[in-house]
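I opened this notebook to record what I looked up in the structure. The entries follow the order in which I consulted it.

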Amino acid sequence: MRVPLGRSSLYVAPLAFGGNVFGWSADQAASFALLDAFTEAGFSLVDTADVYSAWVPGNQGGESETLIGRWLAQGGGRRERIVIATKVAKWGPRRGLAPANIQAAVEDSLRRLGTDVIDLYQAHEDDASVPLEDTLSAFARLIEQGKVRAIGASNYSAARLAQALDVSERHGLPRYETLQPEYNLYDRAGFEAQLQPLARERGLGVINYYSLASGFLTGKYRSRADLGKSRARGGAVAKYLDARGLRILAALDAVAAGHRGATPAQVALAWLIARPSIVAPIASATSVAQLQELIAAARLSLSADEIAALDTASAGG
């Protein structure tokens with residue numbers, strides 16, 4: 001099954017791979033194996049950013065894009081099998097959405113990726129210091145130059161996103177076709193209150209991040225003692241270990257038990273895939289075995305009663 005990214009010409013399978021692990025918890029060999037397995041299974045959308053993975057000691061940012069570029073350089077039709085989504089403006093030397101910065105950043109990303117065009121180029125965060133018309137005009141030039149196919153927004157408020165869409169319409173500029181917010185079974189209110197209605201009204205495709213709440217929704221972390229299982233993720237998971245979080249895990253367990261061989265992670269992703277406006281939740285893996293588990297979520301169909309049980313367990317977030 002292929003679903004459109006907003007009103008663009010891009011179509012993707014309903015699960016995206018989070019490339020933040022490339023150059024961090026997945027080295028080159030692991031990254032290549034993951035990309036091969038993901039695309040061979042019929043999935044295509046790989047999300048990265050120019051700053052991934054700058055948080056790793058010794059890294060400068062761009063490592064994820066570089067590894068994707070090396071994978072593409074192996075040929076064999078790899079470029080045709082992948083939809084590349086990357087981002088600009090989060091931090092570092094290319095921070096901000098000034099036109100000159102966007103133009104320089106896209107050249108950097110294209111060089112690292114070893115490709116002529118980026119399928120989906122996203123503003124990593126809002127930059128209120130630059131007029132929206134200037135930012136969108138810069139993106140328009142990239143599309144005219146054939147360097148970008150479509151554009152998207154990440155971490156925008158509903159008010160600013162609506163304003164950007166209005167500016168695009170008013171001035172005949174390309175519009176943000178996608179939105180990338182934080183959204184999962186635990187973190188719901190921030191997206192559902194205002195961004196979800198806007199996305200549905202304006203026909204945006206949502207590719208949400210932290211789909212598994214930094215791994216909490218896999219069920220791997222159920223007590224403080226479990227946090228030591230992962231140096232990379234343990235600290236981020238601690239905030240979910242409350243009564244509501246444990247209630248959500250119990251509901252995931254119950255639903256998974258009703259589907260032979262299903263896991264909490266698969267159920268959490270299937271819940272997202274079934275949500276209005278969600279095109280492809282982003283999830284990461286560091287091994288092919290983990291990836292195969294996540295991919296199976298796209299084939300898991302939840303009943304209305306199961307979705308209602310998960311909604312009830314996660315209410316209040």
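Entry 1: I began with Gly146, which counts as partly exposed because its relative accessibility is 40%. For this term I used the following cut-offs: buried means under 20% relative accessible area, exposed over 50%, and partly exposed in between, with a 1.4 Å probe and protein chains only. I noted that the model is predicted, that local features need pLDDT of at least 70, that side-chain atom pairs count only at pLDDT 80 or more, and that totals for chains, interfaces and linings use all residues. Residues are numbered from 1 along each chain as its sequence is written, and side-chain values use heavy atoms, with hydrogens and water left out.

I located Gly146 in the loop between α5 (132–144) and β7 (148–154). Helices (H or I, at least four residues) and strands (E, at least two) are DSSP runs, numbered from the N terminus. Gly146 follows α5 and has a positive phi, near 80°. Leaving aside residues up to four places away in sequence, I found that Gly146 touches Asp116 and Val117; contact means heavy atoms within 4.5 Å. I also looked up Glu80, which is 66 residues from Gly146 in sequence and 16 Å from Gly146 in space, C-alpha to C-alpha.

**Entry 2: helix α5.** I checked the length of α5: its 13 residues should span 18 Å at 1.5 Å a residue, and its end C-alpha atoms are 18 Å apart, which agrees. The expected span is 1.5 Å times one less than the number of residues. I listed the buried residues of α5 as Leu132, Thr135, Leu136, Ser137, Ala138, Phe139, Ala140 and Leu142. These buried residues pack against β5 (83–88), α4 (99–113), β6 (118–123), β7, α6 (158–171) and β8 (176–180).

**Entry 3: helix α10.** Which residues of α10 are buried? I found Arg244, Gly245, Ile248, Leu249, Ala251, Leu252, Val255 and Ala256. They lie on the same side of α10, because they cover an arc of only 160° around the axis; the arc is that of the directions from the helix axis to the C-beta atoms. The face turned away from the buried side of α10 carries the exposed residues Ala243, Ala254 and Ala257. Among what covers the buried residues of α10 are α11 (264–273) and α13 (304–313).

**Entry 4: α1 and α2.** I then turned to helix α1 (residues 28–40) and helix α2 (residues 63–72), which pack at an angle of about 65° with their axes 10 Å apart. Gln28, Ser31, Phe32, Leu35, Asp36 and Thr39 of α1 make the contact with Leu67, Ile68, Arg70 and Trp71 of α2. Axes are lines fitted to C-alpha atoms, for helices over the stretch in contact, and angles run from 0 to 180 degrees between N-to-C directions.

**Entry 5: backbone geometry.** Most residues other than glycine have a negative phi, and most peptide bonds are trans. I recorded a cis peptide bond between Tyr52 and Ser53, with omega about 0°. Ser53 lies in the loop between β4 (45–47) and α2. Tyr210, in the loop between β9 (205–206) and α9 (234–237), has a positive phi, near 55°. Ser214 is in the loop between β9 and α9, and its phi is positive, near 60°. Is Ser214 buried or exposed? Ser214 is buried, with a relative accessible area of 11%, whereas Tyr210 counts as partly exposed at 41% relative accessibility.
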